[in-house]
Amino acid sequence: MDESLKQWFIREILVHERALLRFLARAWPDRAEIDDLCHDTYIRVYESAAKALPVSPRGFLFATARHLMADRVRRGRIVSIEMRGDLGSLNVVADVISPEQRLDARQDLWRLTQAFASLPVTCREVMWLIKVEELTRKEIAARLNLTPKAVEKRIERGVRLLEEAYFGGKGMDDPRLEGSAVENARKEGEHDHG
Amino acid sequence: MDSPGQIKDAAARWFARRGSEGWSPQDEAELSRWLAASTGNQIAYLRLEAAWQAADRLKVLGAGFERGAVPGLEDFRASPFFKHVAGKQAPAPEPAAKAETGAHRPAARAVLSGPVFRWAAAAAVLLPVAFLAWNHDYRAGTVYSTPIGVTAAVPLSDGSKVTLNTDSEIRVDVTETERRINLEQGEAFFDVAKDPSRPFVVKAGNKRIIAVGTQFSVRRDEDDVRVVVTEGAVRVEQPSGDGVPGTKVSAGGVARTRHAKLAVQERPLPEVEELLSWRTGYVVFHETSLADAVAELNRYNVRQIVLQDPVVADIVVSGNFRATNIDSFVGLLEDGFAVAVNRENERIVLSRR
């Protein structure tokens, strides 16, 4: 996988995830399909960028999302009179949404802190020990009296929840966007002790 | 085909396994195959890596804490880093007035007020995401509040989660023996983490609502409360000495108090959930008089709707409405009923047409 493409994708595309989710949620009637639309939009953007990087990444991201929705409507994957506004008018919507310019370092730290604070306490603890105290997994297992497998599970759950909160803002300020995966992982977390 | 959620879960499994001791070249090859299988897999994995890498910056926040002590969430949030986030100014901390309960706190305070954090605190003032006002009172816990029209999630250090409704304020005090929440005003939904050793007590005026692990909301109007339970059970206690014992309210139950009286209704869960639709930004009306509907909507908006005619007040409305979008609500009334609308700056006046 091309490293510079990866970095470009993180820097120019993933930072707009919250705005993209809001955009999709406004335009698409079925909330259950929002994650799917977001995922498919990413795939299209990534595959297209592998050939040539778009000049305006943010504009390209939203245009791709719009085309994807239009395709789905055309192919009849949804039949709905609820389609919020016609797709043509979505051109306007994309620009009206509060522009999330590239995050500066301070905003980014704030976002990270919020995301970290939203993790279940067991995951937070393990992540803190890895990132701040730089302990190895072995040391963490000894410190917390856990099996290596349990440490691994907490990392798995922690990083999964962190990505949703950090990029998508899920489980934090906007309960409307809370994904079931996040909730399930959180619930699982309550039963994990060992 | 796997759903995005399943792909992300799989990516997280790979990611966590990769750093474990038993990771072999065969595993690495298998991971490569999984990545090569689809662009979706690659994106899921790179998104995880990016989030994990971003977490390196937690070190900045860790600077003030003693090694070996993972800070509790209240400590973490009480750092000056967040002090000025939403306009509510915390009083200058007076070291002598602060109750010290953990050994690592003094160190935290000393270092967190260093240059890095002064810089960060100044930066925080400018943040556009700032909507959740909080204020640390060094005597009795942490205060969280929301302005009109805003709901906010507040995670607590014990794993519980509170959702604050519009124009609401809570004071949180989590100790070794008790989790105490004071509902100063408004309404909050509590998703309580199970911990039998520490009861979760919500105090609203002179009422107490006690839970162990459950989900419920409390809405306060002066000393009267409405308690809605969606999971488990809570006990509602009136002030002692008036001879009214605590009342148990189970899932599906809605308890209302009026002065010293308490009434509990049992309702089907979906109906009860509707009372909590504010958590998703909506209010739901079922054949509600316009007078009641407007009173509800006015909780969420600075610009108030005023009814100037008893006939208008008796109009019956039903439907789901976005709580902060009064313009569309008023527009619907204008279109569908004999209502004249006068839009002023601070208020919208409805009268008979």
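## A tour of chains A and B

Start at Tyr282(B): the charged end of Arg322(B) sits over its ring, 4.5 Å from the centre. A charge counts as over a ring if NZ of Lys or CZ of Arg is within 6 Å of the ring centre and within 35 degrees of the ring normal. Next, select Arg279(B) and Phe189(B). Arg279(B) lies over the face of Phe189(B), at 3.9 Å from the ring centre.

Before moving on, some ground rules. This is a predicted model, in which local features need pLDDT of at least 70 and side-chain atom pairs count only at pLDDT 80 or more, while totals for chains, interfaces and linings use all residues. Residues are numbered from 1 along each chain as its sequence is written, chains are lettered from A and ligands numbered from 1 in the order in which they are written, and side-chain values use heavy atoms, with hydrogens and water left out.

**Stop 1: chain B as a whole**

Colour chain B by secondary structure. It has 11 helices and 19 strands. These are DSSP runs, numbered from the N terminus: helices are H or I with at least four residues, strands E with at least two. Of its 353 residues, 49% count as buried. Buried means under 20% relative accessible area, exposed over 50%, and partly exposed in between, with a 1.4 Å probe and protein chains only. Now look at contacts (heavy atoms within 4.5 Å). Among those in chain B between residues at least 6 apart in sequence, 49% join residues at least 24 apart.

**Stop 2: helix α1 of chain B**

Select residues 4-18 of chain B.

Show its side chains. The buried ones include Ile7(B), Trp14(B) and Phe15(B). Lys8(B) is also one of the buried residues. What do they pack against? In chain A, the partners are α3 (34-51), α8 (137-144) and α9 (148-168). In chain B, they are α2 (25-37) and α3 (39-54).

**Stop 3: helix α1 of chain A**

Select residues 3-13 of chain A. Among the buried residues here are Leu5(A), Trp8(A), Phe9(A) and Glu12(A). The cover over the buried residues of α1(A) includes α2, α3 and α4 of chain A, together with α3 of chain B.

**Stop 4: aromatic pairs**

Rings of Phe, Tyr and Trp (its six-membered ring) pair if their centres lie within 6.5 Å; planes under 30 degrees apart count as stacked, over 60 as edge-to-face and the rest as tilted. The count comes to 12 aromatic pairs over all chains.

Select Phe23(A) and Phe62(A). Their ring centres are 5.2 Å apart and the planes stand at 75 degrees, so the pair is edge-to-face. Phe23(A) lies in α2 (residues 17-27) and Phe62(A) in α4 (residues 57-74) of chain A, so the pair ties together parts 39 residues apart in sequence. Both Phe23(A) and Phe62(A) are buried.

Jump to Phe15(B) and Trp52(B). Here the centres are 5.6 Å apart and the planes at 70 degrees, so this pair is edge-to-face. It links α1 and α3 of chain B, with the two residues 37 apart. Phe15(B) and Trp52(B) are both buried.

**Stop 5: strands of chain B**

Select β8(B), residues 207-211. 4 of its 5 residues are buried, so the strand is largely enclosed by the rest of the structure. Strands pair if DSSP finds at least two bridges between them. Lys203(B) stands opposite Arg208(B). The two strands form a hairpin with 2 residues between them, and Gly205(B) in the turn has a positive phi of about 60 degrees.

Ile210(B) has Arg235(B) as its bridge partner.

**Stop 6: two loops of chain A**

Most residues other than glycine have a negative phi. Glu134(A), not a glycine, has a positive phi of about 55 degrees. Find it in the loop between α7 (121-131) and α8 of chain A. Buried or exposed? Glu134(A) counts as exposed, at 54% relative accessibility.

Asn145(A) also has a positive phi, of about 60 degrees. It lies in the loop between α8 and α9 of chain A. Asn145(A) is exposed, with a relative accessible area of 69%.
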